[in-house]
Amino acid sequence: MTETLAPEQTVLTPTLRKRARGLVFWAVIALFALAIALITIGLTGTSQDAVRLSPDSPAPAGARGVVQVLRSQGVTVAVTSSLAETRTAAAISGPESTTILVRDTESLLDGAQLRSLGGLSSNVILLEPGFRQLNTLAPGVAQAGSLDSDVVLSADCALPVVQRAGTVSGGGHGYRLVPASADTGSETPTSITTACLSSGDGSDGGTDTGSDSGSESGGATAGTGDVYSLVRVVTGESAVTVLGASDALTNETIVTRGNAALALGVLGERASLIWYVPSLADVAAVSPPTLAELSPDWVVPTALLVFIVAIAAAFWRGRRFGPLVIENLPVVVRASETMEGRARLYQRSSARSRALDALRVGAIGRLATACGLPRTASVEEIVQAVASISGRPLDQVRTLLLDARPTSDRELIRLSDALLELETAVAAQR
Amino acid sequence: MAVSGWFVALVALGVVPLIVLDQPVVLVAWLILVILLTTLDLVLAGTPRGLRFTRELPARVRLGESVASRLLISNAGSRRVSGIVRDAWQPSAGAVATRHPLSIPAGERRTITTTLVPFRRGERRSAHVTVRSFGPLRLAARQATIEVPGSIRVLPPFTSRKHLPSRLARLRELDGRTSVMIRGQGTEFDSLREYVRGDDVRSIDWRATARRRDPSSGAPSLVVRTWRPERDRRVVIVVDSGRTSAARIDNEPRIDTAFESALLLAALASRAGDRVDLVIYDRRVRGRVQGATGADLLASLVNTMAPVEPELLEMDWAAVPGLVRSVTSQHALVVLATSVDAPGAAEGLLAVLPQLTRRHTVIVSSVTDPSVVDATLARGDRTEVYRAAAAERALLDRERVSAAIRQLGGVVVTGTPADLPPALADAYIALKAAGQL
């Protein structure tokens, strides 16, 4: 019996203090990374508003430039995000001196809200309007798809703002004039529609332009196609402008061509502009009571507790009872591996004669021993001895032991069986 | 730190006040209570770092036998340590149970006994002891792993020692027969003694008889010479620990069979009065036993063999003659325990064999695979026929290598793992009887 005494023991598990020291290192690294991230964000600036045509966004697709130029020109620009705010802003400046620009790409406003918008100001601009907005505020105009940003439009109507602009970037949406249906026509008998900035790609055929626009065209609609990027509908005192050439307002392209002149002319017609981008606050929320409102108070905490119990159970079962012990495993190679490999090679390449030769050599060796012949005996002698002992014809034995060539696997099996049988016969004779 | 199932149950129990009181804040309160209780339990638990460990364990054990490993734990801390302890033995050490309950009051000592039944030869180790000490509430435990190295050497089983009595009997027969009948090669002069009736008259030493007269009666008494088999021959066993020795036959590596046959041969030869030396070699010497005699021989043999595992290297046969020369310069019986399989693989062996056979008697012992012989007879379907052909080819290869070895003057001994040790012993006895040692 040997006795191993350990006077000073090494404890492998780190103490709490040591582990905390290890954690400090990582905490410092995490803090460092966080600081670097904050500094980077501070330096590059937060492009928090990368939304297209947002009046606050300095990004290429934003529209902060046009807002700032309008402000410097003496136009009061208010940016609102709900109908209530818009109403308040409009009440301050008064309906006659206010332009309201609505950009409602998600169609958040319903018909009543849109109509009330018309009551707030006599000059409403619909920037890239959808179906519902057109249907409510400009019934004679319909959507006609989008236009590529490299399209250039030239002034082709009598509107002074357009005339001043000359040529304009056409990227955005196109609109088409449709004959107003009978009932709407009877309600608004005196609407004058002016369509400008024709892009001339009448993909639908565009056979005739003027007569198509049911209601009376404002004379200057001399376009070659029937898709327009600016349509103004004047009904009595109030005007609704549908502006599809939205690229003209972005920071990126505002300075090219007559974009700035168009933007300032359309948006800065009156002393104040309300840039209204509807938000979720405009959506009336009335829904049935949720599951959480129907269930008792303890359900959520209990679910939380079950989750905590699951984590605790994971810690209970998952805590390892000391490190694993290393065991060097032995190499496991069967000695017959080479034999098996050779057998598979024979079979895959159908090496029948080679296989049969191997079987024959083995059989001849054993037959020679069984016949009592020395190792040095020739095959011929063995064949004769086997034939005489087994009482079989010499030719048959010679064919089996020497001459036969297998042409198929079936024949190989037959010959191998015959060899085995011959061996047994000779062994039985001795 | 570790938590128990009671801790989980306690957390889960919080569902009762939560539903009864129907207040979400109860959840937070309950969790704070659980954390407080757990912390208290942890603080009150005895520290496992205060334990002192001592191992009591035999240095070696034969493979297949069981042994008790005792771990003495004394508590030098100030609190009772109660919990579980794990003695981390390697899996092949065959510990029957590695986890034991433990409860030691402060200042006392307890013993934990682990029964080991190792199932692999070599050095089996236990690296460390892990203790999990629970607090009085059994909610949470302190856990620490303490390095307490311990190892036990598992010796080769030497199952072939069952063949030893019969071989020793044959050796004695050889002894007797030689003293009466045979003179000549392989025998040497032993002693002179008085003639008794039945002795061979040809062995009467007339000169010694003439020199010797009975002083009391004056009558002449005849003196005969006695003979015995030659003694103090050298036996050098070289075990190949190269890559071919790693191959398994009947789920036993070739090297283990080589060890078995070497042990049997050594036991037999040392009883017969010969000196046995062992070298385990592949590209460097893995083990060497030289100059050991008597009972010491077998002990040092098994001790040397125990930790040796086959290396994935090609055996360096060119160095073997030098190795044998370093062991003895006399004529010796050199036993090469290796494998004779394929002519390609045996080239190195065949190249150096003439050098060895010029000075020594050489036996090449090799394990054969019984499954190869079985495969030659199974010819049921296509796959089996091709397999039989491959097996015949393997037998033929082996036969060719064996013939080459015989031609170079060596003796080939082959057998299945069970048959090889006695076959080698028989070959030794035959050589001894023929006086070729």
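Predicted model: local features only at pLDDT ≥ 70, side-chain atom pairs only at ≥ 80, totals over all residues.

Residues are numbered from 1 along each chain as its sequence is written, and chains are lettered from A and ligands numbered from 1 in the order in which they are written.

Chain A contains 15 helices and 14 strands, where helices (H or I, at least four residues) and strands (E, at least two) are DSSP runs numbered from the N terminus. Of the 430 residues in chain A, 33% are buried; a residue is called buried if 20 or more other C-beta atoms lie within 10 Å of its own, exposed if 12 or fewer do, and partly exposed in between, with C-beta atoms placed from the backbone. Two residues are in contact if their C-beta atoms, placed from the backbone, lie within 7 Å, and among the contacts in chain A between residues at least 6 apart in sequence, 70% join residues at least 24 apart.

Strand S13 of chain A, residues 272-276, is mostly covered, with five of its five residues buried. In a regular strand the side chains alternate between the two faces of the sheet. In S13(A), Ser272(A), Ile274(A) and Tyr276(A) point one way, Leu273(A) and Trp275(A) point the other way, and all are buried. Two strands count as paired if DSSP finds at least two bridges between them. S13(A) pairs in the parallel sense over five bridges with strand S3 of chain A, residues 76-80, where Thr76(A) stands opposite Ser272(A). S13(A) also pairs in the parallel sense over five bridges with strand S4 of chain A, residues 98-102, and there Leu101(A) stands opposite Trp275(A).

Between the chains, 53 residues of chain A are in contact with 67 residues of chain B. The largest share of the side of chain A that touches chain B, ten residues, comes from helix H10(A). By class, that side of chain A has 34 nonpolar, eleven polar and eight charged residues, where Ala, Val, Leu, Ile, Met, Phe, Trp, Tyr, Cys and Pro count as nonpolar, Asp, Glu, Lys and Arg as charged, and the others, Gly among them, as polar.

A sheet also spans the two chains: three strands form an open sheet in the order S14(A)-S13(B)-S14(B), with mixed pairing. S14(A) and S14(B) stand at the edges, each with a single partner strand, so one side of each is left without a neighbour in the sheet. S14(A) and S13(B) pair in the parallel sense over two bridges, and Val333(A) has Ala247(B) as its bridge partner. S13(B) and S14(B) run antiparallel and are joined by two bridges, with Glu252(B) as the bridge partner of Ile249(B).

Within chain A, the axes of helices H12(A) and H15(A) come within 10 Å and cross at roughly 5°; axes are lines fitted to C-alpha atoms, for helices over the stretch in contact, and angles run from 0 to 180 degrees between N-to-C directions. The contact of H12(A) with H15(A) has eleven nonpolar, one polar and five charged residues.

In chain B, helix H6(B), residues 254-271, is mostly covered, with 17 of its 18 residues buried. Just after H6(B), Gly273(B) takes a positive phi of about 90°.
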